[in-house]
There are 2 protein chains.
Amino acid sequence: MRFNETLKNIKIYEAGKPIELVVREFGIEPERIVKLASNENPYGTPPKAKEAVVKAAGRMHLYPDDSMYELKRALSQRFGIEPKELIIGAGSDQVLEFCARAVLNPKSKVLMSRITFAMYEIYAAQQGAKVIKSSCYRHDLDEFYKLYQTHRPDIIHICTPNNPTGDALDRDYLYDFLAKVEEPLVIVDGAYMEYAAFKEPKKAIDPKDLIQKFGNVLYLGTFSKAYGLGGMRVGYGIAQEPIIEQLYKLRPPFNVTTLSLVAAGAALEDEEFVRQSIEKNFAQMDRYVQYALKRGLEFIESYTNFITYILPQQISSKEVAGKLLRRGVIVRDLTGYGLNALRITIGTPEQNDRLFSELDEVLDGY
Amino acid sequence: MRFNETLKNIKIYEAGKPIELVVREFGIEPERIVKLASNENPYGTPPKAKEAVVKAAGRMHLYPDDSMYELKRALSQRFGIEPKELIIGAGSDQVLEFCARAVLNPKSKVLMSRITFAMYEIYAAQQGAKVIKSSCYRHDLDEFYKLYQTHRPDIIHICTPNNPTGDALDRDYLYDFLAKVEEPLVIVDGAYMEYAAFKEPKKAIDPKDLIQKFGNVLYLGTFSKAYGLGGMRVGYGIAQEPIIEQLYKLRPPFNVTTLSLVAAGAALEDEEFVRQSIEKNFAQMDRYVQYALKRGLEFIESYTNFITYILPQQISSKEVAGKLLRRGVIVRDLTGYGLNALRITIGTPEQNDRLFSELDEVLDGY
């Protein structure tokens with residue numbers, strides 16, 4: 001049996017540790033565990049989504065509507081686009097995968113920020129494509145443009161707000177860049193856009209405006225963050241029809257579950273929940289800023305539902321994350337990304353109390 | 001923007017029409033529609049799965065345990081295998097996709113039956129591989145072996161029981177074949193195996209026995225049929241560790257939803273529901289056999305939860321399926337597979353009453 005050569009270079013994505021695993025590994029009681037590692041919505045599942053799923057739970061034996069008629073209609077109306085400009089994936093991740101498989105091959109190149117969402121590189125590797133990274137961890141689009149001119153990549157990844165750093169691009173700055181790169185597929189990943197748009201209107205990217213201006217751009221959105229459905233795997237890509245049409249060729253049938261479609265449709269209608277989640281997020285974010293200032297920690301200004309604390313060189317973020325974990329507080333260490341930093345999801349007030357108190361004790365030990 | 005050449009040859013899978021679509025297209029009331037087109041479990045969602053999902057519906061904001069610890073443990077125990085010999089996909093479909101992407105490239109060949117599960121060919125096409133089909137619609141393994149010797153395929157697909165025909169292979173006959181083909185990856189798709197094993201023990205393939213004997217074979221199972229969770233997309237592949245390890249490199253994180261994991265775990269424990277579903281299936285299957293004999297219709301003996309009626313040449317199956325659809329009865333026309341036949345899911349007694357009465361009226365019109 002022969003496996004494709006490209007498999008040799010593939011790293012496996014390391015997911016945030018689930019609560020169950022910490023229970024198993026450290027014997028900590030589930031109710032004592034605070035998970036601030038995966039940027040889930042700490043205010044829970046949208047009540048309307050929960051209600052709709054409870055009602056639909058007896059329909060799990062039925063395959064989903066493979067045309068996703070209802071959800072496509074609702075999303076199209078929300079964004080003022082045509083259903084044919086939309087593809088729904090099992091998380092926006094899956095749309096990323098379609099893009100990689102549609103465009104990349106071992107001769108291709110992909111351009112991305114030095115520190116950005118890990119799956120961009122993994123999907124590129126699965127296709128055997130070469131990854132070009134900027135030297136700056138922010139999206140320095142002047143550097144991106146120079147790298148574009150040198151390498152002529154087939155895909156450019158823009159993540160705004162960026163994960164795992166939290167910074168976001170000004171719309172005008174992004175548009176200036178997009179106007180200069182007509183050749184490659186540019187993927188604008190707006191997984192946290194609802195947060196950025198609330199905090200700072202000039203960071204807001206409107207998918208309709210974006211794809212009307214730029215025929216080579218695909219916008220990614222998700223139900224996993226502000227919409228509180230990280231566990232249900234629903235995301236979407238928005239682009240002009242010629243792009244969507246090609247991606248559809250790689251979409252497996254029934255790629256979104258029956259209950260995921262139900263949940264996403266209901267979450268989209270639960271505007272009150274989403275708005276409140278975002279408002280509370282930034283109220284709590286202020287506490288993280290104050291905490292950092294008080295402790296003299298460097299941090300990156302965040303337009304998301306997480307914040308990145310950059311630790312002083314003599315304090316290893318990996319070690320701190322490990323110590324927090326044994327205390328039942330799960331955060332994401334960014335050592336693997338090349339940053340001595342912690343990415344912490346902004347939790348509920350109580351979760352944040354706990355984080356500050358545990359982190360205080362850990363840091364006081366240095 | 002350039003898309004990969006392979007996309008040009010990809011056909012889109014045509015899913016069975018969902019009830020919602022028939023409601024929209026023909027204005028038939030949902031409660032008047034009988035769907036016997038997608039081989040869903042007509043006895044519904046396993047009660048234990050429904051109960052578990054209702055209980056877990058407030059956890060949709062949390063990402064699933066990406067290690068799938070609990071479900072992997074339960075499945076491993078069920079089959080007497082090691083967790084490392086198991087990979088869980090969003091339907092067994094996704095495991096098929098992993099196999100195609102792990103092994104196939106534009107230089108590869110794939111061997112399959114002339115009439116079998118449509119996704120085998122689609123995933124091969126996505127990789128640009130060449131498809132070799134047997135001339136016989138049954139799995140004639142002597143012919144398979146000759147084609148194997150001539151073409152040296154990289155993947156061989158065996159679907160037993162076969163979809164969409166319903167026939168199944170004797171274990172000994174399959175094992176004799178497998179003993180002769182050591183080179184390629186052989187995928188034994190047992191999506192309907194629970195039905196076959198109940199009806200005829202010599203058709204039963206035990207995954208543990210299979211992979212212990214044959215290091216190049218992967219067994220596929222699913223929760224979509226006997227386990228009544230078609231809408232939740234959970235399936236699995238079982239093989240020796242070196243194969244599973246490679247497939248894992250292509251598994252996207254969180255590929256099975258939070259509620260799908262909950263539902264599958266509970267369904268696995270709902271043995272009473274599964275056993276009863278299978279028993280009732282074959283009691284109702286007898287009625288389909290009697291109906292065929294009464295009306296002089298040719299049929300293929302089925303080891304599944306569907307039956308294939310082959311229509312006489314002068315009666316177009318496409319037309320009959322269309323007529324049934326307008327009466328609110330959805331069955332699968334097999335014209336696209338090169339058979340003038342209907343594949344009909346064995347429904348509940350009431351659904352089958354309705355099918356017989358509508359089909360009678362349609363056939364009487366010829």
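**Close-up views of a predicted model**

**View 1. Strands E3 and E4 of chain B pair in parallel.** In this predicted model, strand E3(B), residues 109-112, is joined to E4(B) by 4 bridges. Across the pair, Val110(B) stands opposite Val131(B) in E4(B).

**View 2. An open sheet of 7 strands in chain B.** The strand order is E2-E8-E7-E6-E5-E3-E4, with mixed pairing. E2 (86-89) and E4 (130-133) of chain B stand at the edges. Each has a single partner strand, so one side of each lacks a neighbour in the sheet. From one strand to the next, the twist averages 20°.

**View 3. Helices H12 and H14 of chain A in contact.** Two packed helices are described by the angle between their axes and the distance between the axes. Here the axes of H12(A), residues 271-295, and H14(A), residues 349-364, come within 11 Å. They cross at roughly 15°. Angles under 35 degrees count as roughly parallel, and H12(A) and H14(A) are therefore roughly parallel to each other. Their crossing is right-handed. H12(A) contributes residues including Gln284(A), Arg287(A), Tyr288(A) and Tyr291(A) to the contact. Among those of H14(A) are Pro349(A), Leu355(A), Phe356(A) and Asp360(A). By class, the contact has 7 nonpolar, 2 polar and 6 charged residues.

**View 4. Chains A and B about their rotation axis.** Val54(A) comes closest to the axis of the residues of chain A, its C-alpha at 2.6 Å. Of the interface residues of chain A, 100% are also interface residues in chain B, so the copies meet through the same surface.

Technical notes. Residues are numbered from 1 along each chain as its sequence is written. Chains are lettered from A and ligands numbered from 1 in the order in which they are written. This is a predicted model: local features need pLDDT of at least 70, side-chain atom pairs count only at pLDDT 80 or more; totals for chains, interfaces and linings use all residues. Side-chain values use heavy atoms; hydrogens and water are left out. Axes are lines fitted to C-alpha atoms, for helices over the stretch in contact, and angles run from 0 to 180 degrees between N-to-C directions. Helices (H or I, at least four residues) and strands (E, at least two) are DSSP runs, numbered from the N terminus. Angles under 35 degrees count as roughly parallel, over 145 as roughly antiparallel, 65 to 115 as roughly perpendicular and the rest as oblique. A crossing is left-handed if the near helix is turned anticlockwise from the far one by less than a right angle, and right-handed if clockwise. Contact means heavy atoms within 4.5 Å. Ala, Val, Leu, Ile, Met, Phe, Trp, Tyr, Cys and Pro count as nonpolar, Asp, Glu, Lys and Arg as charged, and the others, Gly among them, as polar. Copies are superposed by least squares on the C-alpha atoms of residues with pLDDT of at least 70 in both. Two strands pair if DSSP finds at least two bridges between them.
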